[in-house]
Each structure stands twice: as structure tokens, then as C-alpha cells.
Amino acid sequence: MKIKSLLLLFTLLFPSVILSAQTQIQLTVDVSKPIANIQPTMWGIFFEDINFAADGGIYAEMVKNRSFEFDEPLMGWIQPNSDRHSLNENSGIATVIMEGQGPNNHFIRIEVNNSDGYELINEGFRSMGVKADNTYNLSFNARNLSGGITKINFQLIDQNGQSIGETCVSPNAEEWKTYEKSLTTDVTEEKARLILTFEGTGVIEMDMISLFPEDTWMGRPKGLRKDLVQLLADLDPGFLRFPGGCIVEGRTLDKRYQWKKTIGNIEDREMIINRWNTEFAHRLTPDYFQSFGLGFFEYFQLAEDLGAEPLPILSCGMACQFNTGELVPMDELDPYVQDAFDLIEFANGQVTTHWGKKRAEMGHPQPFNLKYIGIGNEQWGPDYFDRLKVFTNAIKAKYPDIIIVSGTGPFPDGEYFEYAKKELKIMNAEIVDEHYYRPPEWFLENADRYNSYDRDSYKIFAGEYAAQSVAIASPDNKNNWQCALSEAAYLTGLERNADVVYLTSYAPLFAHVDGWQWTPDLIWFDNLTSYGTPNYYVQKLFSTNRGTKLVPVTFDAQPLIGQYDVYASSVFDENSNEIIVKVVNSGSADKSVNISLKGAKKIKKEGVWHLLNSQELTAVNSIENPMEIAPIEKQFAIKGKKLSLTLPPYSLSVIKLAED
Ligand code: AHR
């Protein structure tokens, strides 16, 4: 019988004895017996364009359907004759024209009939968020066919239709020309829209109508939303996995993620429907497309900015098995494998190579130092392993140093999982991605998941984890404290097994409060602000206190995996000479804990305690109350190598003690 079960039995039989035992839990941290290195990749980020994470989210473009390539080409644009807009409908008309071939072959033709002032509005991604005294950079391509349009006024308008910032352009060319202007806003407005008013009469054609805040991450023109990237940077992530998720696979093969179509000139990137657009009947998002303004070059750049290892995941020739499950025949896999080769060359190749040259042309002659590549996202069954072997053999033959990340499918147990485990062991897989979307109780009960893991087998990438308060993909799931706390308990288990667990990431990462499909998510945002969930702060406390060596922390010479509702793990940081102990109290009562340090040098007299807790398991953070659950930091005195602490109910504590 496992320790946990024995303790449970004991608790039921002798509750009063347990009560007194609860008051004195003796933990021993043995610094002299490091177990393993903590991998720099231990705590990372999973990025997928779901919930408006890219378009409408981190990619700061404010104009929706800027290039008129949506399936409904005027989606996002409101015309005078639409029922949402009551201006004179005879003043003009806008139609979308398709001309020529190529990824961006639609544009808008505007015919202005009279001087009443024809207007066209872009509604943005659930509106546009603008901040007082900020600058917004406008750009568009146009050809003023008849030369009769004398001026286009661009105004950001508030919810009452009042202008809160404006500029104008006189389009002076009959051929396609790019125009750029900026405008400054004088008030903050979460629900702004962009209105174009035309002066003169005649015909003008426009494309790539775009508006970006000037204040982006690192000040890059047409770049990423600063507050959202900052939240990522604050996690100090060890890796960035991209671009998903099921988005890698596509609902059909045709709609899979094809990285080559996401690089180069933004205007030439082929927009496709986002697979989450119609995935859930309860959260239909018909206006969700992928512009690929955030494409593979930008992902690599973001990873570099964050100091994280890039971890791209590629299609293995199988569409999502929850959808069509379309398969590329085995004898037609070559182009897919070639995509992997070319990606490695794009990331690491010299500038003289075909793909290395493209990277250099995009402004990054230095390699991105790609070390990992994932093959397939959440595939299962023999078809996956047939294909995985082809990729693995080919990549290893050409690029032996590239580490292959394989998958175990969508579930952390059951038939598919067991089959995958067997196959992956035979294949000598290097790193394997496991997904855990389970109730909070599962996370508490599985804190010992890797305690008896076969140390001769592959390393673990806990690639997608998130406690589900209701059920997988239920729209009622909440990022509440109960879920976050259970994840904290589980993460002590991952950290305690850091000799086999090499990477971990919560999923999904982002969600727009008005545009989400899937909940729970690590970070929520609207068009102006963003906040980290309690789950975010759990991940952050682990990630920013990762240490470099795993050291044992024990209770009666056993790992802490829920005895008396306490879970613990411990690391040593060779850079700061700190001993870092993470302790979770998942119970409703205080816990008195005594910690003894074995093998430690003299300890400084003051320790640091990061505490994350709430009395309410249902508590959540929100736009209105973003720090309802957030860590507090306190100092405490310590004498010698022993300390006593009282852990509040429902708490995660990170205790840091520095050697003198
Ligand atoms: O994180 C949301 C989805 O969950 C991912 O796309 C997929 O890998 C998993 O099923």
C-alpha cells in the first residue's frame, strides 16, 4: 500500500492523533545530496493562437481583416448601408475585388458618389483599446484610380461616435502606393473603432489598412503588445513552444500550420481560418483568422527576447484526430520532412544557405540556435508512430544534435497513452510531451506520478497542464484558486523529479475576455489591460525560483506527496547560494512545519518567504481585481539551520534561505 493510502487510513482511524501531528511536521532538506541538475528549460511557455492570443492579442494590429482576405471579405468592416450604421447610404459603396493570384489578392474598392461624406468603419478585434496620449501608427496601400478622392480622414471614435484622435491623408497616386501617418489620442477608451471618411467623388482602392500602437514590445514597428509580452518575460521562461497545440495539425491537412507561409513580407503571408473559429458550438468565433503577422520569424525573435529556447512543433502529416484525422500517405511524407529540414536551416543555417538567407533578409543574420523540434502535437495510435519514425530517422541522420520532442496524445493515461509509452520506449525517444487536463483532485493525487518512473526511459515534457474546475474544455471552467493550488502541489512533484522532467508548461496561455473559446487560461486580457491568473502566479513562483540543483526534502525519510495535505520540493541555486523550499498546504487548517537543513553552510540570519494563498478556493483574479490572488513577500529571522513556520490553509510557500 502506498504511503498516501496508509496515512489516509490512519487519519480516518485516529483523527485526534493526526490533529496533533499536524502541528509539527518535520521536514529535512539535505543540501549535501544533490540529486540532479535542474534543466534551464524546466519552466516554460506554451503558445497557441487560441482565444485571440495572436490576432487580437499579442500581435498588436488593431484593424481586423486589414487585407480583406477573410472568407466573408468585408467582415469587420461596417458600411453606411449596413444596419449598424445609419449614415447616408447613397453616398457611396464599398466592394471587395479579387485580382490576380497569390496570398493577398483581395482589396477594397470604394466608389464615392457625392459629397455627403462616405464612411467606412473597422470594428477592431472586439473593438480597439486606445490609451490617452499614446501614438498610433496608421498605414495602408491605395490607388486613387480617378484621382477624384481628395482626402481620407481617419478618426478613432469612442462609443458615442466622438473623435478621440485623428489624422488625414491625401491620396495622390493612381498606382498602388503605401501611405503612413500617425495619430495621437487624448483619452483612454476600451471600445474605440476606426472610421474612414472620404472627401471628393470617384473611385479609390485600398488594401492592408493597418493601425498599431507605437508603444510595442521593444518599440518594434508593427510589433507585439507590450503588456502581454511583459507578463511572459516576468515568468523568466526557459523555453517557448509554438505555434500550438491543435493549430499545428489543422482540422484538415490543408489548414495545418505551414511555417513557410508565415515568414517574409507581411503582405505576402497567406491568411487562413483559425481552427478555433468554429470548434466549439458554445463559443463560435466566426471572425477568427490567422493573419500570421506573428509568424515563425517573430516566434523565434520572441523566444530570443525572453531568453527562452525556441521549441517549434511541426505537423507530422496528420490532421487533428478530434476532427478529420486526415493522413498523409507514408510515401508522400517527403515534403513534410523537408519542412523540418528547412526549418532547422532557417533557424540555424548560415546566411549563405537558402533558408538562412531568408532569416538574414528578415533582419537576423545570426542563427537562432534551435536545439529542439517537436513532431506532431496530440497524435495517437500506430499512424503517428509510423510517421514519427520517418521524421526521427531523417532528422537525426541529417542533424544529429537536434533533440526530437515526441507526443503521447491527449490524455495522461488510458489505452492511447499506454500504447504511446510502449512505442516511445522502443524508439528510444528523447523527450516526450504529456498533456494533463484533469480535475484538481487528479493533480493532488498524482503529485507522485514520476516517483517510480523508469529512469532509463525518455525525459518528460509536461507540455500542457491545467486543472479543469468543471470538465475538459467546459466553458464554465474557472482559473480559480483551487485549481491553481492543486497545480502547485503537482508542480512540487515535477520539480522533485527534475532528473526526468525537463520541461513544463501550462496551457493554453492567453485568452481575450470577449473573444475566448477555451478556458481556463494562464493570462487574460481585454483591449487595454491584462492580468495573470492564480495559476500564472503559481507557475511564476516555480519558474523564478528554479535553482540549479535538485536536493531532497523529506518527511520521515519519505518525499512529501500529500501527507497531512502537505507537498514539498527543494532546490539549491548555485548562482545565489540559496536553498529554496516550495511547500504547499492544500488543507483547510494551518500547518506547523519545522525545516532542518542538512549539509548546509552557515545560513544568513534573514530568509525570504513568498506566500501565495487565499481562504477561498473559488477566488479568481479579474480585470477589475487582477491581484486578488498574488504572491506577497516577507522577511523572517532564522537562527542556525532550523526554522519553524506556520503554513496558512490553502497556500503555496516558497522559502529562500541564503548561505553566508
Ligand atoms: O490547449 C488547448 C488544446 O488542448 C491544444 O490545442 C491541444 O493540444 C489540447 O488538446
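In strand β22, residue A466 is the bridge partner of Y437. Strands here are DSSP runs of E with at least two residues, helices are runs of H or I with at least four residues, and both are numbered from the N terminus. Two strands are taken to pair if DSSP finds at least two bridges between them. The model is predicted, so local features were considered only at pLDDT of at least 70 and side-chain atom pairs only at pLDDT 80 or more, while totals for chains, interfaces and linings use all residues. Residues are numbered from 1 along each chain as its sequence is written, and side-chain values use heavy atoms, with hydrogens and water left out.

The bridge between Y437 and A466 belongs to the pairing of β21 with β22 (residues 459-467), two parallel strands joined by eight bridges. Strand β20 (residues 403-407) also pairs with β21 (residues 431-438) in the parallel sense, over three bridges. In this pairing, S406 has V432 of β21 as its bridge partner, and V405 has I431. These strands are part of an open sheet of eight strands with parallel pairing, in the order β3-β15-β18-β19-β20-β21-β22-β23. The edges of the sheet are formed by β3 (45-46) and β23 (501-506), each of which pairs on one side only. Strands of a sheet pair through backbone hydrogen bonds, in either a parallel or an antiparallel arrangement.

Strand β21 is largely enclosed by the rest of the structure, because eight of its eight residues are buried. Burial was assigned from relative accessible area, computed with a 1.4 Å probe on protein chains only: under 20% is buried, over 50% is exposed, and values in between are partly exposed. I431, D433, H435 and Y437 point one way from β21, and V432, E434, Y436 and R438 point the other way; all are buried.

Helix α7 (residues 382-398) lies across β19 (372-375) and β20, and runs at about 175 degrees to β20. Axes are lines fitted to C-alpha atoms, for helices over the stretch in contact, and angles between N-to-C directions run from 0 to 180 degrees. Two packed helices are described by the angle between their axes and the distance between the axes. For helix α5 (residues 334-348) and α7, the axes come within 10 Å and cross at roughly 35 degrees.

On the α5 side, Y336, V337, A340, F341 and I344 meet V390, F391, A394, I395 and K398 of α7, where contact denotes heavy atoms within 4.5 Å. The residues of this contact comprise nine nonpolar, no polar and one charged. In this grouping, Ala, Val, Leu, Ile, Met, Phe, Trp, Tyr, Cys and Pro are nonpolar, Asp, Glu, Lys and Arg are charged, and the others, Gly among them, are polar.

With a disulfide defined as a pair of cysteine sulfur atoms within 2.5 Å, the count is zero. The cysteine sulfur closest to that of C246 is in C320, at 4.4 Å, which is too far for a bond. C246 is buried, at a relative accessible area of 10%, whereas C168 is partly exposed, at 27%.

S127 is in the loop between β7 (118-122) and β8 (128-130) and is buried, at 16% relative accessibility. A473 is in the loop between β22 and α10 (481-496) and is likewise buried, at 14%.

M627, in the loop between β33 (606-613) and β34 (632-637), is exposed at 51% relative accessibility. With residues up to four places away in sequence not counted, M627 touches Y537 and N621. The C-alpha atoms of M627 and G532 are separated by 8.0 Å, although these residues are 95 residues apart along the chain.
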